[in-house]
Amino acid sequence: MLEPGGAVGVRGGGVGGMIPAIKSSIDGLEQVTVDITIITHSPSCSICLEDFAAYYQQEPITRLPCGHHYHVHCIVQWLEFSHLCPLCRYQMPTKDDQSN
Ligand SMILES: [Zn+2]
Ligand SMILES: [Zn+2]
């Protein structure tokens, strides 16, 4: 019974919990080919739980800066919802502050 814009904000109270990652950080994610090292360290995608072995040396997958691996489509959907790595809660950028 959740209605966008309705009076549903009183419960939960998780303000700031779900912040999407900035699109440029999603676009800039590193893509790697599945090899034996990846399968050893990250045997499956923690979002959909599918085995990476099926992708061995075929489709590229995404590696987050924290070193965790996910399907490209899985992590893109995830980061559009939450900027935290599902495994270790590494924080992806939520705003453009690449100034240096
Ligand atoms: Zn996946
Ligand atoms: Zn991580």
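User: What makes up the chain in terms of secondary structure, and what pattern does the chain follow along the sequence?

Analyst: The secondary structure comes to three helices and three strands, and along the sequence these follow the pattern α-β-α-β-β-α.

User: How do you know how far the model can be trusted, and where does pLDDT stay under 50?

Analyst: The average pLDDT of the chain is 86, and 79% of the residues score at least 70. Over residues 5-15, however, pLDDT stays under 50, and the model has two contacts beyond four places in sequence for that stretch. Where pLDDT is low, the predicted coordinates should not be read in detail.

User: What makes R89 and A54 count as exposed?

Analyst: The limit of 12 applies again. R89 has 10 C-beta neighbours inside 10 Å, so R89 counts as exposed; A54 likewise has 10 C-beta neighbours inside 10 Å, so A54 counts as exposed. R89 sits in the segment after α3 and has a positive phi of about 65 degrees although it is not a glycine. From C-alpha to C-alpha, R89 is 9.1 Å from C66, while the two are 23 residues apart in sequence. A54 belongs to the loop between α2 and β2, and its C-alpha is 9.6 Å from that of S44, 10 residues away in sequence.

User: Why is the set that includes A21 and M92 called a nonpolar core, and which residues make it up?

Analyst: The term requires buried residues of the nonpolar kinds, among them Ala, Leu, Ile, Met, Trp, Tyr and Cys, joined through C-beta atoms within 7 Å. The largest set of this kind has nine residues, namely A21, I26, C45, I61, Y70, I75, W78, L79 and M92. Helix α3 (residues 72-79) supplies the largest share of this core, three residues. In soluble globular proteins, nonpolar side chains tend to be buried together. Across the chain of 100 residues, 14% count as buried.

User: Which residues does M92 touch, leaving aside residues up to four places away in sequence?

Analyst: With those sequence neighbours not counted, M92 touches A21, S25, L79 and H83. Two of these partners, A21 and L79, belong to the nonpolar core along with M92.

User: How do you know that the buried residues of α3 line one face of the helix?

Analyst: The buried residues of α3 are I75, W78 and L79. Seen down the axis of α3, these buried residues fall within an arc of 90 degrees, so they line one face of the helix. They pack against α1 (23-27), β2 (60-63) and β3 (69-70). The helix α3 itself lies across β1, β2 and β3, and runs at about 35 degrees to β2.

User: What makes β1 and β2 a pair, and how many bridges join β2 to β3?

Analyst: Two strands pair if there are at least two bridges between them. Four bridges join β1 to β2, which run antiparallel, and two bridges join β2 to β3, also antiparallel, so both pairs meet the requirement of at least two. Within the second, T62 stands opposite Y70 in β3, and R63 stands opposite H69 in β3.

User: Why are β1 and β3 said to stand at the edges of the sheet?

Analyst: The three strands form an open sheet in the order β1-β2-β3, with antiparallel pairing. β1 (30-33) and β3 each have a single partner strand, so one side of each is left without a neighbour in the sheet.

User: What lies between β2 and β3, and which residue in the turn has a positive phi?

Analyst: β2 and β3 form a hairpin with five residues between them, and G67 in the turn has a positive phi of about 100 degrees.

Terms used
Residues numbered from 1 in each chain as written. Chains lettered and ligands numbered in written order. Predicted model: local features only at pLDDT ≥ 70, side-chain atom pairs only at ≥ 80, totals over all residues. Buried ≥ 20, exposed ≤ 12 C-beta atoms within 10 Å, placed from the backbone. Contact = placed C-beta atoms within 7 Å. Arc of directions from axis to C-beta. pLDDT = per-residue confidence, 0-100. Axes fitted to C-alpha atoms, helices over the stretch in contact; angles between N-to-C directions.
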